[in-house]
Amino acid sequence: MKWPAIGYARATSLDELWRLQAEHGAAAQLLAGGQTLLATLAFRLSDPKILLDITRIAALRGIAVQDGVLRIGALTRHAELGRDPLVAQHAPLLAEAAPLIAHPAIRNRGTIGGSLAYADPAAELPACVVALGATIVAVSPRGERRVPAEAFFTGLLQTALAPDEIIAAVEIPGTQPTTRSRIIEVARRSGDYAMAGLAARLSLNAEGRVTSPRLVFFGVGSGPVLAARAGAALDGWVLDSAAIAAAQAALAEDLDPPADMHGPPEMKRHLARVLTFRALSPLLRASEVAE
Amino acid sequence: MNEIRTADSLGLSREDLPNSYIGRSVPRPNLPKLVQGRATYTDDVVLPRMLHAAFYRSPHAHARILSIDSAAAMLVPGVVRVFTGADIAKVCDPWVAVLAHLKGMKSAPQYALPLDRATWQGEALVAVVADSRAAAEDGVAALEVTFDPLPAQTDMATALAPGAVVIHPELGDNLAFQRTAVQGDVEAAFASAHKVVEARFVSARHTGVTLEPRSIIADFSRADDTLTVHLATQAPHMIQSVLATQLHLEEGRVRVICKDVGGSFGIKVHVYPDEVAVAAISRILGRPVKFIADRFESFGSDIHARDHVITGRIGVDAQGKILAFDIDDLTGIGPYSVYPRTSAVEGNQVVNLCGGPYDFANYRCSTTVVLQNKVPTCQYRAVGHPIATAVTEGLVDMAAHAIGMDPIEMRRRNMLRDDAYPYTSPAGMRFEGLSHHASLAKLLELVPVDRIRADQTAKRHKGVYRGLGFAAFIELTNPSPFMYGIGGARISAQDGATVRMDPDGSVVVASGVTEQGQGTETILAQIVAHGVGVAVNKVRVVTGDTQNTPYGGGTWACRGAGIGGEAALQSAIALKDQILHVAGTMLQASPATLDIMLGEVVDKTTGTPRISLAEIGRVVYFRGDTLPKDLPREFVQTRHYITKEYPFAFTNGIQACWVEVDTATGMVKVLEHWCVEDCGRVINPMLVDEQVRGGIVQGLGGALYEHCVYDEQGNLLTTTMADYLVPMAAEMPEIHVGHVETPTKESLLGAKGAGEAGTAGAPGALMNAINDALRPLGAVVTEQPFTPARILRALDAI
Amino acid sequence: MSARIDITLMVNGERVSRSVEARRHLIDFLRLDLGLTGSHAGCEHGVCGACTVRVDGEIVRGCLVLAASLDGAEVTTIEGLTDSAEVADLQDAFVACNAAQCGFCSPGMVMAAADILRHHPTATREEIREHLSGNYCRCTGYQAIVDAVEQTLATRREDRR
């Protein structure tokens, strides 16, 4: 399982990258953390002619908060997401997601930009950024472009990135004291891709009423699936058992999962309902829980 | 016989008998190199002018090869040569894997690389050799091979039906082997039974996933007409014989060297066509050729195992007494029986082992072994045992439930009594001495059953479903020639050890059994240190070299300690006698009054040191002139050992498994696991314990995760470690191990095998635990692996 | 195209300059170019953990790192870790607890366990299991490995008092 003969070039700035991309065109493949790309190369499943290493481009690094928006550079490693104080404060969902991604050695290399660009339907981070209502900052020789995360994932392993675009950063709107988020998944073993997972974010006001719920499932479709009808079943309602049941029921129309090695579509639907209950029930008021 | 002086047996402390090593948890002397990265696995060996092989493997389950065009491959930089089946067949004969004592068994001639037809996806068809593995793979990618795809016979259930694709037309059908064992009057027993319970069990296709893949360097030298093979193997002498025969070499001109091996579990005891092809290529080129299977090709070419569907019936009377078992086993083994052990043995073992722990009179068990277009299956850790145990123990639990009896009580009532031996089982297996009741009693000391049952009840009220399951088992170890030799295979059941003392008083033992990581070299050192009377760190061990070790069978079927260990003990005792004889002459004392303690010859009664082994060594080796002329001074002694009284030394044990089933997700969490096993004399408890744990984890892995999944066309879908799931640390439980010791009386050492007990019992215990958890919900699972989908289906949740 | 890339990096504290094939992964570079055979290729697709080594101080899968990308990097393998005696106590504990059988996973397992010693000095058994869950061992039941790490952590905490 040796990688096929291939070229390698390193870009240390965006300008250098644009030059290399212009030179090699479609034969070039970007290399960030490489944790997915290099595994697929081992199987000779893809055949790029040259890898363009972007890991030393400073402009793609860094985590900062500006005007209440958390900006996470594309080269931010999963391990950094898990331990960065700004992420923990402004996007705790991502900090919670990091330990679910593979294993420590993978998290030390894999990057958020790489994960989003690869768009594996069972991956955690694409679902998280959709749940958080994030914006993907794409950059190309033509300049910057901002794509809402919801519109970024366009199909199985497909994104809205143009061939000459790369992800520069992810921007995440600030959280409110009423914001609640949670990520849970069912995986065969720790670190495996999930059979089904749910990244959820919503607001709960003082009377327990839900606003702007976003339930985003992964491992159950061709990409992260924003369950619009389940969200609608919650929006504006007091979060109680009945509301959760309504959201679960609405999933029937939100999800059209494929079968995979682990089981049939019915299993994924079933697990999505279970996850919905498990994600939301900790938010129930004490009186509800006691029932 | 059978009385070894150990500190324990004499009622002494270790301080009183400091070189008593039998039964002592000695750390393995070869561990520091392993944890420091200083081991020498086959892939670490680099030879001058060495080439690397890669194989073009069949993309089809069944296809005629129409053409092979290597022109483009030969242009790839680094590629040296391309070999087809016809090229290899010029120097290498095909083989047929049958054993004469498995009556009616048939298989077809198998070539190292097939001549014109591929019969499973992943079968090596063409070899490319190049100056690096990467270049060889580039060459493989550049090969142009055309096929005429043929219909594939994949489903074992239809393999014998009309219309089946007959994989080898010259055989007439796809039946490789069939055997039925009958004892008593089964139908009458069922007719008279108070309850009859029937179930269908499925044991999934697994593979071994040794972390070190199959690895070989073949180095044929025209200069001395010698083939030297560096190989990760369990059976160096067997491979020596096979390669010599197939390649028309004198056996003595083939040397197999096996340094460190990265796990075997039966995977590395077989003859693999691609490895034989590498040897043939080296024979042709006169250069060393290395082949290290990559993980992708391992999944499609390492042997698979345990692809069985079994229906079973048990009949019991009103008191829970087992009256009869009736079991039908069907297994698919791929397109060829694997050489030379054959692929009929797993099914045969199911017939031998079902019902094993119990006292019952009526037995019928049949196995039907069929060919199919999938990876060949063969012996893999605990051959047949996990299947027989799961079926037996599943039926016993179901019968207990049917009559409302506690599963522990059910077993207590039916297990063979500890004083019932010698005993011949309904399947015809002869047991020298087992300890089912003592083992159960020991298990119940370890498992807090009352607390667990109380917790189980309390948790159920909260919607948490936990279950406790048991599985008793027997295990076949220390095989005699009855396993392979009588069938015509050149597989030695005998093993030898040579023990020598060097001038500095240190001792070297060379043994025909091999180290696969289980600690063989450590126990050999312990046994020899014990037998001679030296500190264990004064013993060095040589294994894994056909030119430098006594002829032997190697490591399989749990024979290392029981067979190889006894040979080592006998030769150590012989060396000690020889040393004492010389010492007696030097000291003018009767050898009978002397002993050896930690490298010093001592007065036996007082323990007073008289002379060191180093001093004896100095005199014998350098001043032999000072000794009497006729004094024998052979400080090298060799003894061989083979079991003679019993075909196999059976062991026994029982496991318990405590699980929680998430009934919403179908996920199973193993909370805790226990095993009590009786492997006879325990030589090193620490090694046995972790080996048992490893075996249990392998069994749990098979029962929870591991599955070689095929589609209907015979495409293997699980070809990466992301798809074929192995057990990892996070999901595996804490495992408690206890021992009962019933030494075999056949040997002085009294050791039987321990390596497969864990794997034998774990799946059955886990299945019973899951079903115990699910029982209030009316769900039962009997199909391994117990995946979330299967559990949710059993619960009618999906 | 089978380009070669010139790299200079520190491996186990020694400066190394080589011209490497662009397609060579770190483990082949270590094993074939530098003779550091302590790191093992178990699956070559990032799952088994046998190839775990440190790059710039953090553990990585060596089979998922391009050697060509490591110009200027610092790499530590099991050989370097052993020579530095950083985890001599852990390695002793592996021996005492019988935490290895065939040993093929052991270098990677020790590298991963060393990461626990550095970053998670108070890890529980469950956390140790979780942290090691990317390192496959077919031989042991993992329990002895967890024992060895747990004992080393405890001894180090004791020594710090």
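This is a stop-by-stop tour of a predicted three-chain model, with something to select at each stop.

Before you start, note that residues are numbered from 1 along each chain as its sequence is written, while chains are lettered from A and ligands numbered from 1 in the order in which they are written. Because the model is predicted, local features need pLDDT of at least 70 and side-chain atom pairs count only at pLDDT 80 or more, whereas totals for chains, interfaces and linings use all residues; side-chain values use heavy atoms, with hydrogens and water left out.

**Stop 1: two annotated spans**

Select residues 1-177 of chain A, which an unreviewed UniProt entry lists as "domain: FAD-binding PCMH-type". That span is 33% helix and 25% strand, with its end C-alpha atoms 51 Å apart. Helices (H or I, at least four residues) and strands (E, at least two) are DSSP runs, numbered from the N terminus.

Next, select residues 36-151 of chain B, listed by UniProt (unreviewed entry) as "domain: Aldehyde oxidase/xanthine dehydrogenase a/b hammerhead". Here the chain is 17% helix and 29% strand, and the end C-alpha atoms lie 51 Å apart. UniProt positions are given in the numbering used here, feature names are shortened, and annotations may be inferred rather than shown by experiment.

**Stop 2: where chain A meets chain B**

Show chains A and B together. In this interface 22 residues of chain A are in contact (heavy atoms within 4.5 Å) with 32 residues of chain B. About 2,100 Å² is buried between the two chains, and carbon and sulfur atoms give 65% of that area. Buried area is the accessible area (1.4 Å probe) that two parts lose on being put together, summed over both.

The interface holds 3 salt bridges, each being a side-chain nitrogen of Lys or Arg within 4 Å of a carboxyl oxygen of Asp or Glu. Zoom in on Arg278(A) and Asp662(B), whose side chains form a salt bridge at 2.7 Å, N to O.

**Stop 3: the second largest pocket**

Stay with Asp662(B), which is among the residues closest to the centre of the second largest pocket, along with Glu660(B), Met667(B), Val668(B) and Lys669(B). On a 1 Å grid over the protein atoms alone, a pocket is an open set of points with protein on both sides within 12 Å along at least five of seven lines; a cavity is a set where a 1.4 Å probe fits but cannot get out, and lining residues have an atom within 4 Å of a point. Grid points are joined across faces, edges and corners, and a volume is the space filled by probe spheres set on the points.

The lining divides into 21 nonpolar, 6 polar and 14 charged residues. Ala, Val, Leu, Ile, Met, Phe, Trp, Tyr, Cys and Pro count as nonpolar, Asp, Glu, Lys and Arg as charged, and the others, Gly among them, as polar.

**Stop 4: where chain C meets chain B**

Now bring up chain C. Its contact with chain B takes 47 residues from chain C and 51 from chain B. The area buried is about 3,900 Å², 58% of it from carbon and sulfur atoms. Gln101(C), Tyr136(C) and Arg138(C) supply 20% of the area that chain C buries against chain B, more than any other three residues. There are 6 salt bridges between these chains; Arg138(C) makes one with Glu706(B), with the closest N and O atoms 2.8 Å apart.

**Stop 5: the largest cavity**

The structure holds 14 cavities of 30 Å³ or more, and the largest has a volume of about 680 Å³. Select Gln518(B), Thr555(B), Cys558(B), Gln691(B) and Gly755(B), the closest to its centre of 46 lining residues. Helices α14 (520-532), α15 (560-587) and α17 (685-704) of chain B each supply at least two lining residues.

**Last stop: a backbone detail**

Finish at Tyr339(B) and Pro340(B), joined by a cis peptide bond with omega about -15°.
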